[in-house]
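The entries below are in the order I looked things up.

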Amino acid sequence: MTGYNGGNTTGFVSPAGDSLEGPIDLAAILDLRQPSRYPVRVMGDALAGRGILSGDILIADAAKPPAAGHVAVVMLAGDVLVAQLAFRRGHWWLLSGRPNTAPLAVEGDDAEIWAVVTGLVRTKV
């Protein structure tokens with residue numbers, strides 16, 4: 001009995017063989033080996049307008065400085081929130097993405113921008 005040898009097959013060589021790549025390493029692609037990066041699972045649909053759905057996994061980077069228009073992970077009054085950042089009147093504000101929801105100021109001892117979102121992984125399509 002002989003074993004399989006992919007180079008000695010009958011028929012023709014598949015043209016798809018030219019575009020095969022090795023295994024995909026999500027930790028390397030998302031740079032999760034950096035100590036400042038970590039995954040955060042989204043619960044809720046407040047940022048659905050930005051394409052961020054409940055159940056998605058965000059890649060948060062605590063070393064990245066906040067910037068207006070970026071999505072961030074924020075601690076506010078004991079709650080962990082994910083929201084879009086805006087900078088107005090000398091303060092950071094959180095924009096919900098839901099209509100008729102007032103922006104929240106990120107100020108005081110009980111408010112901190114923890115990390116800026118740098119990537120998204122969706123496990124359900």
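Is Asp 56 buried or exposed? I looked up its relative accessibility: at 3%, Asp 56 counts as buried. I use buried for under 20% relative accessible area, exposed for over 50%, and partly exposed for what lies in between (1.4 Å probe, protein chains only).

Ground rules next. This is a predicted model, where local features need pLDDT of at least 70, side-chain atom pairs count only at pLDDT 80 or more, and totals for chains, interfaces and linings use all residues. Residues are numbered from 1 along each chain as its sequence is written, and side-chain values use heavy atoms, with hydrogens and water left out.

**Entry: around Asp 56**

I placed Asp 56 in the loop between strand S1 (37-41) and strand S2 (57-61). Helices (H or I, at least four residues) and strands (E, at least two) are DSSP runs, numbered from the N terminus. I then listed contacts, meaning heavy atoms within 4.5 Å. Setting aside neighbours within four places in sequence, Asp 56 touches Val 40, Arg 41, Val 42, Gly 51, Leu 120, Val 121 and Arg 122. A polar atom of the Asp 56 side chain also lies 2.8 Å from the backbone nitrogen of Leu 53.

**Entry: salt bridges**

How many salt bridges does the structure hold? I found four. The criterion is a side-chain nitrogen of Lys or Arg within 4 Å of a carboxyl oxygen of Asp or Glu.

Asp 56 pairs with Arg 122, with the closest N and O atoms 2.6 Å apart. This pair links distant parts of the chain, 66 residues apart: Asp 56 sits in the loop between S1 and S2, Arg 122 in the segment after strand S7 (111-121). Arg 122 is partly exposed at 34% relative accessibility.

Asp 61 forms a salt bridge with Arg 37, the closest N and O atoms being 3.2 Å apart. Asp 61 is in strand S2 and Arg 37 in strand S1, so the pair ties together parts 24 residues apart in sequence. I noted Asp 61 as buried, with a relative accessible area of 9%.

Asp 45 and Arg 98 meet at 3.0 Å, N to O.

I count two strands as paired if DSSP finds at least two bridges between them. Strand S4 (residues 79-88) runs antiparallel to strand S5 (residues 91-95), over five bridges. They form a hairpin with two residues between them. Arg 89 in that turn has a positive phi of about 50°.

S5 also pairs with strand S6 (residues 104-106), antiparallel over three bridges. Which residue in S5 is the bridge partner of Phe 87? I read off Trp 92. Trp 92 also stands opposite Val 106 in S6.

**Entry: a nonpolar patch**

Last, I checked the surface. Ile 24, Leu 26 and Ile 29 make a nonpolar patch of about 330 Å². Ile 24 lies in the segment before helix H1 (26-29), and at 61% relative accessibility Ile 24 counts as exposed. Patches take residues with over 30% relative accessible area and no salt bridge, joining like charges within 9 Å and nonpolar side chains (Val, Leu, Ile, Met, Phe, Trp, Tyr) within 5 Å. Accessible areas come from the Shrake-Rupley method with a 1.4 Å probe, and for residues only the protein chains shown count as cover.

Terms used. Polar contact = N/O pair within 3.5 Å; in protein donor to acceptor, adjacent residues only side chain to side chain.
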